[in-house]
Amino acid sequence: MLRSAAFVLSLLVSPILCAADKPLALVIHGGAGTMSREALTPEREAEIRADLDRALDAGHAVLRAGGSALDAVTAAVVVLEDSPHFNAGKGAVFNAEGVNELDAAIMDGATQRAGAVAAIHRTKNPIRLARAVMEQSRHVMLIGEGAEKFGESVGIEFVDPAYFRTEHRWQQLQDAKAREAAQAALPRGYHYGTVGAVALDGEGRIATATSTGGTTNKRWGRVGDTPVIGAGTYAGARCGVSATGTGEFFIRLMVAYDICARMEYRGDSLAAAAEEVVMKRLPAIGGDGGIIALDGEGNISATFNTSGMYRGWIKPDGTRGTAIFKE
Ligand code: ASP
């Protein structure tokens with residue numbers, strides 16, 4: 001009797017012990033682009049790093065409690081969407097009509113399920129709507145009014161579109177319009193602030209989430225790489241990638257999927273695959289930006305070909321950090 005009770009107990013406890021043995025990892029980004037140390041005031045840098053830390057804490061708390069990678073990346077991205085410092089949710093860039101138009105995607109590497117939304121205007125946390133598309137619809141991508149109508153049917157939180165507005169992004173739009181009127185090209189790496197997260201949970205599952213306002217002054221219903229599965233967002237059984245940069249280039253190279261495919265088919269390491277795609281293939285066609293990624297062992301990559309990328313990580317050994325420039 002006692003022995004069988006002990007056996008039942010060991011069955012109950014063993015999954016918890018196994019999960020605790022497995023590596024947990026989380027990596028996040030708050031966008032890549034041309035950033036100068038001089039333009040970044042110490043106050044702004046401190047606020048950005050604090051928000052990155054809060055996103056790491058939110059995601060890692062989920063992982064430590066035995067939660068899923070999917071819940072971890074959702075929690076981390078919601079924090080970054082709610083921060084005015086990043087180009088996602090509150091603080092998103094404006095399109096040419098002076099409207100915040102948001103895109104987001106999420107993918108579960110263990111099941112290869114994905115959800116994405118594009119060109120939405122009223123959803124407080126686009127990543128939650130993308131997740132609802134994945135979990136509560138038969139579809140992968142919904143756009144515009146239809147996407148938000150679906151959101152209403154599943155109880156997603158909406159805000160007045162004015163909620164997303166920040167003065168900083170409004171001035172950025174005026175600057176982009178002035179440059180356009182003067183027929184001056186936007187400087188390389190002008191757009192940044194997209195957010196993303198990739199997590200590895202105690203069951204060995206990987207998930208990726210990415211959210212953005214796209215590019216300043218975008219027109220004609222332009223959609224970037226963020227909600228395009230395989231371009232700006234991808235997760236497989238042993239690899240997850242979230243991208244940031246000028247989306248057109250990331251779509252053409254299917255950047256996120258290419259990195260994971262190199263690992264799967266060629267046996268490349270995460271570092272080698274990221275280096276090849278971000279530092280060679282992207283610049284070869286004029287693409288600027290970066291990626292965060294992790295593999296099934298919890299190895300992390302944050303690779304970018306711009307001067308900076310807001311980023312943060314917690315490795316399997318518990319060490320953590322945030323960074324902005326190449327360090
Ligand atoms: N990749 C985003 C887009 O093209 C922009 C960004 O990462 O800043 O929509």
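How many bridges join S3 to strand S4 (residues 141-143), and do they run parallel or antiparallel? Three bridges join them, and the two strands run parallel.

The model is predicted: local features need pLDDT of at least 70, side-chain atom pairs count only at pLDDT 80 or more, and totals for chains, interfaces and linings use all residues. Residues are numbered from 1 along each chain as its sequence is written, and side-chain values use heavy atoms, with hydrogens and water left out.

**View 1**
Strand S2 (residues 102-108) pairs with S3 in the antiparallel sense. Six bridges link the two. Helices (H or I, at least four residues) and strands (E, at least two) are DSSP runs, numbered from the N terminus. Two strands pair if DSSP finds at least two bridges between them. Ile-106 stands opposite Gly-115 in S3. Four residues separate the strands of this hairpin. In the turn, Gln-112 has a positive phi of about 60°.

**View 2**
Seven of the eight residues of strand S3 (residues 113-120) are buried, so S3 is largely enclosed by the rest of the structure. Buried means under 20% relative accessible area, exposed over 50%, and partly exposed in between (1.4 Å probe, protein chains only). Val-117 has Leu-142 of S4 as its bridge partner. From S3 the chain crosses through helix H4 (residues 126-136) to S4. This β-α-β crossover is left-handed. A crossover is right-handed if, with the strands pointing away from the viewer, the path from the first strand over the helix to the second runs clockwise.

Val-195, Ala-197 and Ala-199 point one way from S5. Gly-196, Val-198 and Leu-200 point the other way. In a regular strand the side chains alternate between the two faces of the sheet. Strand S1 (residues 25-33) runs antiparallel to S5, joined by five bridges. Ala-25 has Leu-200 of S5 as its bridge partner. S5 also pairs with strand S6 (residues 206-212), in the antiparallel sense, over six bridges. Gly-196 stands opposite Thr-210 in S6. The hairpin of S5 and S6 has five residues between the strands, and Gly-204 takes a positive phi near 80° there.

**View 1. Thr-194 and its contacts.**
Thr-194 is found in the loop between helix H6 (167-181) and strand S5 (195-200). Thr-194 counts as buried because its relative accessibility is 8%. Its side chain makes a polar contact with the side chain of Thr-212, at 2.6 Å. A polar contact is a pair of N or O atoms within 3.5 Å; within protein, one must be able to donate a hydrogen and the other to accept it, and residues adjacent in sequence count only if both atoms are side-chain atoms. Leaving aside neighbours within four places in sequence, the contacts of Thr-194 include His-29, Gly-30, Asn-87, Thr-226 and Thr-244. Contact means heavy atoms within 4.5 Å.

Helix H3 (residues 69-82) has 14 residues. H3 reaches 20 Å from its first C-alpha to its last, close to the 20 Å expected at 1.5 Å a residue. The expected span is 1.5 Å times one less than the number of residues. 11 of the 14 residues of H3 are buried, so the helix is largely enclosed by the rest of the structure. Among the buried residues are Leu-70, Val-73, Val-77, Leu-80 and Glu-81.

Strand S9 (residues 289-295) pairs with S10 over five bridges. Ile-292 stands opposite Ala-302 in S10.
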